[in-house]
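Let's take a walk through a protein model together. Have the chain open in your viewer and follow along.

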Amino acid sequence: MSQPSKAALITGCSSGIGHATALRLVHDGWSVYATARRRETIADLADAGANTLALDVTDEQSMSAAVAVVEEAEGAVGVLINNAGYSQSGAIETVPLEAMRRQFETNVFGLVRLTQLVLPKMRAQHWGKIVNLGSMGGRLTFPGGGHYHATKYALEAISDALRFELRGFGIDVILLEPGLITTEFGDAATASMAAVDSSGDDPYAHFNATVGAVTKGAYEGPMRRLGAGPERVAKVIERAITRSRPPARITITPSAKLSIATRRLMSDRAWDAAMRRQFPQPE
Ligand SMILES: NC(=O)c1ccc[n+]([C@@H]2O[C@H](COP(=O)([O-])OP(=O)(O)OC[C@H]3O[C@@H](n4cnc5c(N)ncnc54)[C@H](OP(=O)(O)O)[C@@H]3O)[C@@H](O)[C@H]2O)c1
């Protein structure tokens with residue numbers, strides 16, 4: 001039998017973790033299909049040696065076209081890195097449902113659909129690695145981030161189910177749980193708050209403004225030091241897809257490990273009290 005394809009298809013490569021992962025894998029000799037909604041944003045990855053494709057995870061046609069290109073050239077997608085995602089921030093009551101649907105379309109449904117599209121050929125070659133970009137935010141919840149956290153909690157369940165369902169086909173599923181990673185993520189989260197419904201007497205105005213400021217502060221202020229650059233995640237991904245028995249979950253950054261462990265030990269009441277020290281209680 002011929003060697004299985006190890007070609008890597010990566011979503012959301014225009015910046016951050018997707019970009020760093022594409023670069024790292026190209027440098028290390030992997031066959032990389034880097035994708036972005038706007039292909040022109042990843043011209044530098046093409047220069048570096050990646051194949052580049054347009055792929056919007058909310059657009060079925062663009063996903064199936066991209067998978068078809070890889071399968072035509074390589075036989076199958078061997079490594080799928082489900083990275084595309086963003087945070088729709090804001091108090092639950094103030095985020096229009098349409099924005100919440102977009103959040104789930106991107107972070108959850110797109111990831112599931114793309115996985116479904118690559119699986120028949122991946123199963124047929126009896127080798128594959130699927131890396132899902134979850135988050136520390138799939139294990140704990142910050143106020144003002146309910147929608148985003150809900151998508152990342154969903155990925156915990158989906159990854160657990162997939163891991164069991166695919167093992168017998170020679171496919172490993174790896175869930176990454178990064179903490180703060182210095183990318184465009186903070187800017188995108190702050191910008192997402194433009195979708196929030198606010199009126200003159202909005203009782204959430206101060207709260208939502210604080211959520212925006214805390215997010216900005218985390219990514220731009222001294223808190224950055226508790227995080228890591230996207231290259232750290234890229235390194236973890238490469239190590240995981242190289243292993244024959246990769247771990248099911250990988251938490252990235254010491255502060256994410258500490259936060260998850262602390263949350264597990266705290267009562268809900270104690271957690272809420274800790275959150276009230278950072279966020280004003282809307283009232
Ligand atoms: N940074 C962190 O602190 C952190 C922590 C935990 C988990 N994560 C997760 O890591 C992943 C990557 O985030 P990042 O930190 O690298 O942020 P980033 O720099 O903002 O990158 C996000 C990428 O997702 C893409 N994207 C958004 N919507 C898309 C869609 N509909 N179709 C295809 N691509 C889309 C963006 O493309 P455009 O340029 O087209 O918008 C961009 O390339 C996300 O899933 C995020 O939830 C990040």
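Which residues in H3 meet which residues in H4? On the H3 side they are Glu 60, Met 63, Ser 64, Val 67 and Glu 71, and on the H4 side Arg 113, Leu 114, Leu 117, Val 118 and Lys 121. Here, two residues are in contact if their C-beta atoms, placed from the backbone, lie within 7 Å. Helices (H or I, at least four residues) and strands (E, at least two) are DSSP runs, numbered from the N terminus.

Before going on, some ground rules. This is a predicted model, where local features need pLDDT of at least 70 and side-chain atom pairs count only at pLDDT 80 or more, while totals for chains, interfaces and linings use all residues. Residues are numbered from 1 along each chain as its sequence is written.

**Helices side by side**

Two packed helices are described by the angle between their axes and the distance between the axes. The axes are lines fitted to C-alpha atoms, for helices over the stretch in contact, and the angles run from 0 to 180 degrees between N-to-C directions.

| Helix pair | Angle | Distance between axes |
|---|---|---|
| H3 (residues 60–74) and H4 | about 25° | 10 Å |
| H4 and H5 (residues 146–167) | about 20° | 9 Å |
| H1 and H8 (residues 230–242) | about 55° | 8 Å |

What about handedness? A crossing is left-handed if the near helix is turned anticlockwise from the far one by less than a right angle, and right-handed if clockwise. H3 passes H4 in a right-handed crossing, H4 passes H5 in a right-handed crossing, and the crossing of H1 and H8 is right-handed.

Now for who touches whom in the H1 and H8 pair. H1 brings Gly 16, Ile 17, Ala 20, Thr 21, Arg 24 and Leu 25, and H8 brings Pro 230, Glu 231, Val 233, Ala 234, Lys 235, Ile 237 and Glu 238. Sorted by type, the residues of this contact of H1 with H8 are seven nonpolar, two polar and four charged. For the sorting, Ala, Val, Leu, Ile, Met, Phe, Trp, Tyr, Cys and Pro count as nonpolar, Asp, Glu, Lys and Arg as charged, and the others, Gly among them, as polar.

Over at H4 and H5, H4 crosses H5 in a right-handed way. The H4 residues in that contact are Met 100, Gln 103, Phe 104, Asn 107, Val 108 and Val 112, and the H5 residues are His 147, Tyr 148, Thr 151, Ala 154, Leu 155 and Ile 158. That contact of H4 with H5 has eight nonpolar residues, four polar and no charged.

**A closer look at Arg 113**

Find Arg 113 in helix H4 (residues 97–124). Is Arg 113 buried, exposed or partly exposed? A residue is buried if 20 or more other C-beta atoms lie within 10 Å of its own, exposed if 12 or fewer, and partly exposed in between, with C-beta atoms placed from the backbone. Arg 113 has 16 other C-beta atoms within 10 Å, so it is partly exposed. Leaving aside neighbours within four places in sequence, Arg 113 is in contact with Glu 60 and Met 63. Thr 58 is 55 residues from Arg 113 in sequence, but their C-alpha atoms are 9.2 Å apart in space.

**Two positive phi angles**

His 126 sits in the loop between H4 and strand E5 (128–133). Its phi is near 55°, a positive value in a residue other than glycine. His 126 is exposed, because 12 other C-beta atoms lie within 10 Å. Thr 253, in the loop between strand E7 (249–252) and helix H9 (254–265), also isn't a glycine and has a positive phi of about 95°. Thr 253 has 19 other C-beta atoms within 10 Å, so it is partly exposed.

**Around the ligand**

How many residues surround the ligand? There are 30, and the closest are Gly 12, Gly 16, Ala 84, Gly 85 and Phe 185. A residue is near a molecule if its C-beta atom, placed from the backbone, lies within 6 Å of it. Helix H1 (16–27) and helix H6 (185–192) each supply at least two residues of this shell, and H1 gives the most, with three. By type, the shell around the ligand has 13 nonpolar, 13 polar and four charged residues.
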